[in-house]
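These are my notebook entries on one protein model. I set down what I looked up, one topic at a time.

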Amino acid sequence: LFSVACCCCCLSMVSFDMYRLLGLLLLASVAKATEFTFELVAHEQFCFYADVEAGHPMTLEYQVIYGGRLDVDVEITDTVNTLWSDERSQSGSHTMNAPTAGTYGVCFSNRMSTVAHKTVYFDFVTSTEDPLLEDAQKHHQTFTLMETSMLNAHESLRKVIDLQTHLRVRETTHRHTAEFMNDRVQFVSAIEALVLICLAVVQVLYLRSLFSEKPNRW
């Protein structure tokens, strides 16, 4: 009976550790939601700010999905000085470490456009990835086979999510391009159809005028 009780106790502790690790993995996945898609109108600038600890990495990934020539001005600032900038860029990524603790911002500018509105997607990560997962690894010097499998599955799922995000952005860009071309084709086709109808009416009226002239008796 004592051995059975010990086995049950060990199983309950293992189950508790696995559930705890699973909860940390889920929370870590939720904590990484830093993606935004917004519309940038002409002659406008949007800035997004976040508090960053000294020495922590800042990673920015962005892409112009739709609008104009698919270009924007991008810069990373510390609210006073510009730390990095890129002009008339369609897409890109940049990683840097925060020199000091404070508030840092990412600004997107569409001031070069006079009419075109643009849709911009960006992902701004301002800390080490998965802090809860790192905490779990600190408290667990060794992992069981089940826990190792869960960690590997979590890392694979993160890569799948990043790939799906990239594919969604590309699909949105191509869909907007296809819809724009479809609208242009329909517009030109409507004009051509109208021109053909006008030419047909003019030709019919001209032919009727040739056969409707009265003969000159004199």
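How many disulfides does a search of the whole structure find? I find 1 disulfide in the search of the whole structure, a disulfide being a pair of cysteine sulfur atoms within 2.5 Å.

Before going further I note the ground rules: this is a predicted model, in which local features need pLDDT of at least 70 and side-chain atom pairs count only at pLDDT 80 or more, while totals for chains, interfaces and linings use all residues. Residues are numbered from 1 along each chain as its sequence is written, and side-chain values use heavy atoms, with hydrogens and water left out.

**Confidence.** I looked up pLDDT, the predictor's confidence in each residue from 0 to 100, and its mean for the protein is 77, with 74% of the residues at 70 or more. Helices (H or I, at least four residues) and strands (E, at least two) are DSSP runs, numbered from the N terminus. Confidence is lowest in helix α1 (residues 2-31), with a mean of 40, and highest in strand β4 (residues 72-77), with 93. Over residues 1-33 the pLDDT is below 50, and I note that this stretch has 27 contacts in the model beyond near neighbours in sequence, a contact meaning heavy atoms within 4.5 Å.

**The disulfide.** The link joins Cys 47 to Cys 107, with S to S at 2.1 Å, and it is right-handed, with 110° about the S-S bond. Because Cys 47 lies in strand β2 (residues 45-52) and Cys 107 in strand β7 (residues 102-109), the pair ties together parts that are 60 residues apart in sequence. For accessibility I use buried for under 20% relative accessible area, exposed for over 50%, and partly exposed in between (1.4 Å probe, protein chains only). Cys 107 is buried at 3%, whereas Cys 47 is partly exposed at 30%; Cys 198 is also partly exposed, at 42%.

**The sheet.** Which strands form the open sheet, and in what order? I read 4 strands in the order β1-β8-β3-β6, with antiparallel pairing, where two strands pair if DSSP finds at least two bridges between them. Strand β1 (35-40) and β6 stand at the edges with a single partner strand each, so one side of each is left without a neighbour in the sheet. Strand β3 (residues 57-66) pairs over 7 bridges with β6 (residues 91-97), and over 7 bridges with β8 (residues 118-125).
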